[in-house]
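Student: Could we go through this structure together? I would like to know what to look at.

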Amino acid sequence: MWNQLEVRQRYDQRIYIFMVLLVCLMLLLLGRMIQLQWVQYSKHFTQSEDNRIHISPVLPTRGIMMDRFGQGLAVNEVSYKITLVPERVENLTSVFSSLQQLLGWSDKQIQRMQKRVHRARSDRAVLLMDQLTWSTVAPLAARLHKFSGVDVVAGTHRYYPHAIQTSHMVGYLSLVRDVDIKEGYLRMEYVGRSGLERIFEKRLHGHLGYRHEEVDAKGRRVALLKTIAPITGENIQLSLDVELQNVAAKALGKRTGAVVVMDVHTGEVLTLLSQPGYDSNKFITGLETAQWNAWLNDVQRPLLNRTTQAAYPPGSTFKMIPSFAGLAQGLKLARGSTQCPGYIELADRKIRCWKKQGHGHVDMHDALVHSCDVYFYEMGDALGMSRLTQEAKMWGFGERTGIHLPPESKGLLPKERPGMGRRSWYRGETMITAIGQGAVTVTPIQMARFAAAIANGGKILRPLVEKNKPIHVVRTLDIKASHLKIVRQAMRDVVADPRGTAHRALSRAKWTVAGKTGTAQVVMMANDEARTSSDAANHQDHAWFMGYAPFENPEIAIAVFVEHGGHGGSSAAPVARAVIDAWAEKQRVIHEQVSP
């Protein structure tokens, strides 16, 4: 048996071991406490704050776009949106079911939202529904405390008051895509997709703000701690006059075509109409696939911007190019005349003038006024393709104008035509190029700039879409004043001479007008066939008019193109008359207002 001393020793040993273990435990706890409170303080403080404080972005108000007189082209309207942060929702299925019952959403809408939520980051707000009125969101706003992670956010949505008339220039927005998320956009934002909405995206967007809120363990808002206000995007004033744009649209009616009006001195674009247009507001509300397919399959191609993206044969509006080239080269024909019997013989064939009986004896002035083809067949033949192309390039054809609306077509000059291979270039091709037929194509914006250059003395301007921006002169042509005078006077007589091709449409315009009509051949069709064919309308020639006004002191240049419009004098020139009259009247009113 153990004596009392041994018992005492064993007891002391156990006490000692217990104390050592206790000290070790205390050291471990102290170490852990130091680790948590000292070494990892910042980390755990941040985590704690993250759980307690929820930081949510506040979207900036997008800058608006207005026309040169302050009328809204792309504006913002007050509305409400419903968002959801996935990680703060305990049961997504239950929440969606409750929201559907409360707000009357359809199954299809719910499916679309669920798909959007599953693609999003769990800690970021996802847009469920946008452009809602207060009466729509009020039932949810009153019950938000029951929907953790769901929020009603007051904001704005984009609206285009002149959507169809300005769609190709102003463009449209649509909800972000995955590629935009990678660039830093939030899932509930809209991004410029086309037109100036896309070009000016960074300037219009603005900068995000943030809202710091204290939330409880279930993520419900307890208090608003701090707000960093967003910075509104820049407002942009365009050079466009939307009233003039609407006049042009009304004058074109239901026909397909384009109208471009430029300030001849600054290059500011006053009208840039491509018709038909499309309703850009439909992209904001969520474009239906059926609507998109309808636009894609529409034979009138409403998504095509005909002012800058489409190129067409210029017809007789091109005849000033061989005129300037002939004068510059000192060709005998440029100062002389020729006989037009209604055709010109080339080898074993005849190339005909549009006037079967011929124009008789014509010089350059008469040839431009009456649009004689034979005179310019001979001029083109005398110049040769190289000099003709060189002159056209000088005046800006075959190159992009640089307007701030890419993608822009360069048009085509025959020399640059691809795929000719080893085939020879024929004289006849040069001749028909001289009258704006064959392979040469130009865009309406190039044609308007050409008219402006004739009016301003040879300055090739970059078209500007913003008001009061520095003038950009691409180059100034070294052209003799006497040559300009000859061509300008002929263009004036296209309107003033009773036999001029635009006399009927423009002789009584409010301003004196100088211009040139054009009829661009599309597909040869016999007269009888054209009259009886059900597709005859699509085989009619294209109609052009280009010019400037007033003749004595030019202010604006204009190009009108009517697809399958027939004759330029009867189809395109009346549209120009409506636009020029409207602008002249506006200038008269402005002048009276500022005059004492």
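**Buried charges and their partners**

Tutor: Let us begin with Arg449, which is buried, as its relative accessible area is 1%. Please keep in mind that this is a predicted model.

Student: Which residue does the side chain of Arg449 meet in a salt bridge?

Tutor: The partner is Glu399, and the N to O distance is 3.2 Å. Arg449 belongs to helix 19 (residues 444–456), whereas Glu399 sits in the loop between helix 17 and helix 18, so the pair ties together parts 50 residues apart in sequence.

Student: And is Glu399 buried or partly exposed?

Tutor: Glu399 is partly exposed, with a relative accessible area of 24%.

Student: How many salt bridges does the structure hold?

Tutor: There are 23 salt bridges in the structure. One of them joins Arg211 and Asp151, whose closest N and O atoms are 3.4 Å apart. This pair links distant parts of the chain, with Arg211 in strand 8 (residues 209–215) and Asp151 in strand 5 (residues 150–159), 60 residues apart.

Student: Why does Asp151 count as buried?

Tutor: Asp151 has a relative accessible area of 13%, and buried means under 20%. Arg211 counts as partly exposed because its relative accessibility is 24%.

Student: What about Glu563, which residue is its salt-bridge partner?

Tutor: Glu563 forms a salt bridge with Arg306, and the closest N and O atoms are 3.1 Å apart. Glu563 is in the loop between strand 21 and helix 23 (568–594), while Arg306 is in the loop between helix 12 (289–297) and helix 13; the two are 257 residues apart. Arg306 is buried, with a relative accessible area of 1%.

Student: Which residues are linked in a network of salt bridges?

Tutor: Arg62, Arg158, Glu197 and Glu201 are linked in such a network.

Student: Switching to strands: how many residues of strand 11 are buried?

Tutor: Seven of the seven residues of strand 11 (residues 257–263) are buried. Both faces are covered: Gly257, Val259, Val261 and Asp263 lie on one side, and Ala258, Val260 and Met262 on the other.

Student: Which strands pair with strand 11?

Tutor: Strand 12 (residues 269–275) pairs with strand 11 in the antiparallel sense over six bridges, and Met262 stands opposite Val269 of strand 12. Strand 21 (residues 556–562) also runs antiparallel to strand 11, joined by seven bridges. There, Val259 stands opposite Val560.

Student: Which residues other than glycine have a positive phi?

Tutor: Gln131 has a phi near 60 degrees; Gln131 is in strand 4 (residues 126–132). Asn468 also has a positive phi, of about 60 degrees, and Asn468 is in the loop between strand 17 (459–461) and strand 18 (473–476). Gln131 is partly exposed at 23% relative accessibility, whereas Asn468 is exposed at 63%. As background, most residues other than glycine have a negative phi, and most peptide bonds are trans.

Student: Where are the cis peptide bonds, then?

Tutor: One runs from Gln275 to Pro276, with omega near 5 degrees. Pro276 is in the loop between strand 12 and helix 11 (281–284). Another joins Pro406 and Pro407, with omega of about 0 degrees, and Pro407 lies in the loop between helix 17 (385–394) and helix 18 (427–434).

Student: Last topic, the surface: which residues form a positive patch?

Tutor: Lys108, Arg112, Lys115 and Arg119 form a positive surface patch. Lys108 is in helix 4 (residues 107–119) and counts as exposed, at 54% relative accessibility. There is also a nonpolar surface patch, with about 900 Å² of accessible area together, whose members include Tyr11, Phe18 and Leu29. Leu29 is in helix 1 (residues 4–39).

How values were computed:
Residues numbered from 1 in each chain as written. Predicted model: local features only at pLDDT ≥ 70, side-chain atom pairs only at ≥ 80, totals over all residues. Heavy atoms only, no water. Patch = residues over 30% accessible without salt bridge, like charges linked within 9 Å, V, L, I, M, F, W, Y side chains within 5 Å. Areas by Shrake-Rupley, 256 points an atom, 1.4 Å probe, with all protein chains shown as cover. Salt bridge = Lys/Arg side-chain N within 4 Å of Asp/Glu carboxyl O. Lys, Arg positive; Asp, Glu negative; His and termini not counted. Charge placed at Lys NZ, Arg CZ, Asp CG, Glu CD. Helix = DSSP H or I, 4+ residues; strand = E, 2+ residues; numbered from the N terminus. Buried < 20%, exposed > 50% of the residue type's maximum accessible area, 1.4 Å probe, protein only. Pairing = 2+ DSSP bridges.
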